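Here is a short briefing to read alongside the model.

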Amino acid sequence: MSKVLMKGNEAIAEAAIRAGCRYFFGYPITPQNEIPAYMARQLPKVGGTFLQAESEIAAINMVYGAAGAGARVMTSSSSPGISLKQEGISYIAGAQLPCVIVNIVRGGPGLGGIQPAQSDYFQAVKGGGHGDYQLIVYAPATVQEAADVTQKAFAIADQYRMPVMILGDGMLGQMMEPVDFHEEVSTATEKPWATTGCDGSRPINVVNSLYINAAALEKVIQSMFERYAIIKEKEVQVEEYRCDDAEIIIAAYGTTSRIARSVIEDARGKGVRVGMIRPITVWPFPEKIFEHYASQEQVKAFLTVEMSMGQMVEDVRLSVNGKKPVYFTGRTGGMVPTPKQIMGEIEKIMGGKK
Amino acid sequence: MSIVFEKTKGLTDKATHYCPGCTHGIVHRLVAESLEELEILDQAIGVASVGCSVFTYEYFNCDMQQAAHGRAPAVATGIKRVLPENIVFTYQGDGDLASIGVAEIIHAAARGENITVIFINNAIYGMTGGQMAPTTLLGQVTATSPFGRDQSIAGYPIKIAEMLATLDGAAFIERVSTHDVKSIRGAKKAIKRAFENQVQKKGFSLIEVLSTCPTNWGLSPAEAMIWLQDKMIPVYPLGIKKEAQ
């Protein structure tokens with residue numbers, strides 16, 4: 001199939017449609033407005049329904065209803081809107097419903113800014129909403145990868161009965177790159193638990209997250225975490241770039257990893273063997289890959305680079321578990337780290353100044 | 001011996017948890033009977049809200065979804081857009097619908113969602129122990145208006161039926177009561193009509209049902225019926241507020 005030049009946001013929307021998503025509920029917020037606009041134009045053409053909700057809160061609750069009714073459904077927003085959705089996401093997780101949520105991250109906290117950031121990592125992987133639950137979180141770095149993970153996300157959500165998040169950022173959402181899409185998935189997952197009207201032919205179905213009996217609630221959560229354990233075994237996606245002989249390993253995801261990649265060439269030209277571990281799923285986190293390289297003799301240190309004050313760095317530290325030093329550099333508020341900044345940190349590490 | 005009355009198939013066998021004299025029991029029956037009589041129980045999908053009626057997902061004998069506080073109209077919208085031929089209804093109290101959920105109900109009505117909303121107005125928050133509701137009357141003593149609702153601090157009660165009737169998207173809005181046999185019959189008629197409207201795809205129907213909360217009003221069940229009639233109806237007049245052609 002030949003590639004098309006598409007904006008990241010639009011590629012995500014098209015990928016969702018190719019995956020059989022026929023319902024989208026959203027609300028305008030910069031820098032993801034191309035997603036609802038694309039869905040508004042394209043979903044009716046494939047017999048789907050687009051609805052602009054009155055708020056991000058209403059939108060996520062429409063997603064809950066549609067998901068409970070058995071549909072493949074998506075919403076998208078950006079940081080402040082994702083904060084609004086946290087209650088709804090917790091309910092969707094607690095009711096064990098599948099759906100896809102796209103966060104095109106912008107500077108925060110508060111109204112923040114509209115430039116790209118990675119400061120919603122904690123919110124995405126450490127809860128966000130209340131209670132014991134996880135999301136599967138994909139962090140694509142190119143428009144093609146964004147399309148790939150989005151197209152995969154719906155089947156994954158259906159399989160594991162949980163919300164899946166696509167964690168992008170304003171740069172990825174706005175940039176245009178060549179992309180092609182996989183063949184459209186025609187088989188949807190069976191959902192015998194969905195509320196479709198019992199039709200007199202089966203017992204009634206209830207979609208619910210309330211368990212007033214604490215022992216019952218504990219059992220439900222434990223069963224969810226048994227699924228999460230399977231996900232941690234099977235669904236990790238990570239890129240190891242030039243790590244085999246690396247002395248310094250950069251940990252970066254999304255847009256930041258693209259900048260890091262160019263630094264690696266530069267550093268190797270200067271005689272420093274740098275590699276990169278690039279999580280593509282930030283949950284499940286590629287702990288074992290970090291553990292492996294932390295145990296390698298030639299690895300001197302890890303350098304985490306993020307567009308935040310340092311969030312993923314904590315998970316890197318947990319995985320490295322004290323075996324090697326873990327450093328951090330970044331920018332925040334919508335500012336983007338430069339290759340020069342990253343190279344400077346590498347030189348400091350190598351020069352023993354850290 | 002012939003059967004002259006039996007429990008509706010629209011209710012499960014689960015014993016309800018409501019207080020003695022609570023009109024939730026009556027209204028649940030009216031809703032369930034309407035679904036059964038219209039032969040739509042098998043196509044029905046109800047959305048439970050948060051309040052004393054949080055457990056309606058155990059009481060109504062049809063597919064049910066539990067919604068977050070105030071969000072039932074949005075959840076119902078999601079369901080109805082996926083399954084337009086099913087009968088989708090919400091059952092909400094005054095905190096759920098008139099306080100936290102006021103945006104969701106207005107916009108579901110404005111969009112003309114073809115759903116049925118049963119709105120229980122008992123002028124107080126029951127489940128959480130008797131706090132002030134947006135529908136609490138001026139001067140009414142509650143856990144959070146212990147000196148009586150004072151308009152200079154806490155403003156005025158909201159008249160949902162009249163307010164939603166201003167929306168073009170609303171097809172049928174009626175306020176009914178449950179304080180005596182005659183009003184209960186009227187409530188049944190209105191509720192059944194609100195479901196019939198959905199079957200006939202007439203659009204958004206909401207029935208505001210004036211209800212009692214003897215426990216939190218500090219009255220006996222019988223006194224509570226009288227209080228509803230004497231105090232609530234003057235503030236919340238009964239009748240059809242909107243009837244689209």
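A residue is called buried here when its relative accessible area is under 20%, and exposed when that area is over 50%. By that cut-off, 60% of the 354 residues of chain A count as buried. Please keep in mind that this is a predicted model.

**Chain A overall**

- Chain A is made up of 12 helices and 15 strands.
- Its radius of gyration is 21 Å, close to the 20 Å that the globule rule gives for 354 residues, so chain A is as compact as a globular protein of that length.
- The C-alpha trace of chain A spans about 75 × 50 × 40 Å along its principal axes.
- If you take the contacts in chain A between residues at least 6 apart in sequence, 79% of them join residues at least 24 apart.

**The seven-stranded sheet**

- An open sheet of 7 strands in chain A runs in the order E3-E2-E4-E5-E7-E6-E13, with mixed pairing.
- At its edges are strand E3 (49–52) and strand E13 (281–283) of chain A, each of which pairs on one side only.
- On average, neighbouring strands of this sheet are turned by 20° against each other, direction ignored.
- Strand E2 (residues 23–26) of chain A pairs with E3(A) in the parallel sense over 4 bridges, and A:Tyr23 has A:Thr49 in E3(A) as its bridge partner.
- Helix H4 (residues 79–94) of chain A packs on the sheet, where it touches strand E4 (73–77), strand E5 (99–105) and strand E7 (163–169) of chain A. The direction of H4 makes about 160° with that of E5(A).

**Helix H6 of chain A**

- Helix H6 (residues 143–160) of chain A has 18 residues and reaches 25 Å from its first C-alpha to its last, close to the expected 26 Å.
- Since 14 of its 18 residues are buried, H6(A) is largely enclosed by the rest of the structure.
- A:Arg161 follows H6(A) and has a positive phi, near 55°.

**Cis peptide bonds**

- A:Thr30 and A:Pro31 are joined by a cis peptide bond with omega about 5°; A:Pro31 sits in the loop between E2 and helix H2 (34–42) of chain A.
- A cis peptide bond also joins A:Gly108 and A:Pro109, again with omega about 5°. A:Pro109 belongs to the loop between E5 and helix H5 (121–125) of chain A.

**In and after helix H11 of chain A**

- A:Ser319, in helix H11 (residues 312–320) of chain A, counts as buried at 5% relative accessibility.
- Beyond its neighbours within four places in sequence, A:Ser319 is in contact with A:Phe285, A:Glu287, A:Phe290 and A:Glu291.
- A:Asn321 lies in the loop between H11 and strand E15 (326–330) of chain A, and is exposed with a relative accessible area of 60%. Its phi is near 55°, a positive value in a residue other than glycine.

**Two spots in chain B**

- B:Ala171, in strand E5 (residues 170–177) of chain B, counts as buried at 8% relative accessibility.
- B:Ala171 and B:Gly203 are 32 residues apart in sequence, yet their C-alpha atoms are 5.4 Å apart in space.
- Not counting residues up to four places away in sequence, B:Ala171 touches several residues, among them B:Lys202, B:Phe204 and B:Glu243.
- B:Lys201 is in the loop between helix H8 (181–199) and strand E6 (204–210) of chain B, and has a positive phi of about 55° although it is not a glycine.

How values were computed: Residues numbered from 1 in each chain as written. Chains lettered and ligands numbered in written order. Predicted model: local features only at pLDDT ≥ 70, side-chain atom pairs only at ≥ 80, totals over all residues. Heavy atoms only, no water. Expected span 1.5 Å × (residues − 1). Buried < 20%, exposed > 50% of the residue type's maximum accessible area, 1.4 Å probe, protein only. Pairing = 2+ DSSP bridges. Axes fitted to C-alpha atoms, helices over the stretch in contact; angles between N-to-C directions. Contact = heavy atoms within 4.5 Å. Rg over C-alpha atoms; globule rule 2.2 N^0.38 Å.
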